[in-house]
Amino acid sequence: MFIMDALGYPRAGDDPAGNNSDYLAAEEGAYNKRVEAAWLKKQLGDLFEKNRECADLLGGKDRASLLLSKMRLQDVTEPGWKMPAGLTDRQRAAVNRVRINWKWAAVTFTFDLKSGQWDKTPFNVYVGQAFLEAPLPAQLTVAIHELLHVALNTGKESDIPSNEEIGRICGTAQ
Ligand SMILES: [Zn+2]
């Protein structure tokens with residue numbers, strides 16, 4: 001499976017309107033994408049470290065950091081990005097909704113049939129244009145939402161705490 005742990009669109013200058021000059025964009029494009037994914041994960045890790053209630057949403061600090069360590073961010077807007085093999089029709093449809101920007105993010109993961117829990121193998125979180133252009137507090141809420149799908153082993157939105165609740169507990173965007 002092609003796994004690219006990359007998050008595009010570094011916004012070093014806090015410029016969501018996208019006024020970065022071309023040379024900057026090219027320079028950033030060359031080396032920053034991996035850094036950005038790592039950076040976002042670091043922000044999440046710091047958050048779970050200092051906010052116990054937030055980590056508890058995911059089953060506690062240890063569980064939260066395990067989830068984080070297995071999360072692979074995939075920027076579906078990256079030229080040449082390919083749909084991973086082995087996804088179900090439903091999963092492919094969800095990823096495609098991110099690609100055409102109907103959704104900010106999607107997640108696919110595998111779970112153990114016996115325990116009915118995530119099997120602790122790496123999983124992909126797919127992010128698209130809206131996510132990549134969003135400010136950090138919104139990215140954090142969306143990322144936690146996707147992690148919750150895995151933590152709770154559910155594809156149902158109604159099983160996931162609302163963004164308002166995530167934002168209130170974690171101090172991220174609501
Ligand atoms: Zn969801």
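Q: In which helix of the protein is confidence lowest, and in which is it highest?
A: Confidence is expressed as pLDDT, the predictor's value for each residue, from 0 to 100. It is lowest in helix α1 (residues 22-50), with a mean of 72, and highest in helix α2 (residues 52-57), at 98. The protein averages 81, and 80% of the residues score at least 70. Residues 1-30 stay under 50. This is a predicted model, in which local features need pLDDT of at least 70 and side-chain atom pairs 80 or more, while totals for chains, interfaces and linings use all residues. Residues are numbered from 1 along each chain as its sequence is written.

Q: In what order do the strands of the open sheet stand?
A: Strands of a sheet pair through backbone hydrogen bonds, either parallel or antiparallel. Here 3 strands form an open sheet in the order β1-β5-β2, with mixed pairing; strands (E, at least two residues) and helices (H or I, at least four) are DSSP runs numbered from the N terminus, and a pair needs at least two DSSP bridges. β1 (71-75) and β2 (105-108) are at the edges with a single partner strand each, so one side of each has no neighbour in the sheet.

Q: How many bridges join β2 to β5?
A: 4 bridges join β2 to β5 (residues 123-127), and the two strands run antiparallel. Within this pairing, A106 stands opposite Y126 in β5.

Q: At what angle do the axes of α6 and α7 cross?
A: Two packed helices are described by the angle between their axes and the distance between the axes. The axes of α6 and α7 (residues 163-170) come within 10 Å and cross at roughly 115°; axes are lines fitted to C-alpha atoms, for helices over the stretch in contact, with angles from 0 to 180 degrees between N-to-C directions. α6 is therefore roughly perpendicular to α7, a word that covers 65 to 115 degrees.

Q: Which residues of α6 and α7 meet?
A: L140, T141, I144 and H145 in α6 meet N163, I166, G167 and C170 in α7, where contact requires C-beta atoms, placed from the backbone, within 7 Å.

Methods:
Contact = placed C-beta atoms within 7 Å. Parallel < 35°, antiparallel > 145°, perpendicular 65-115°, else oblique.
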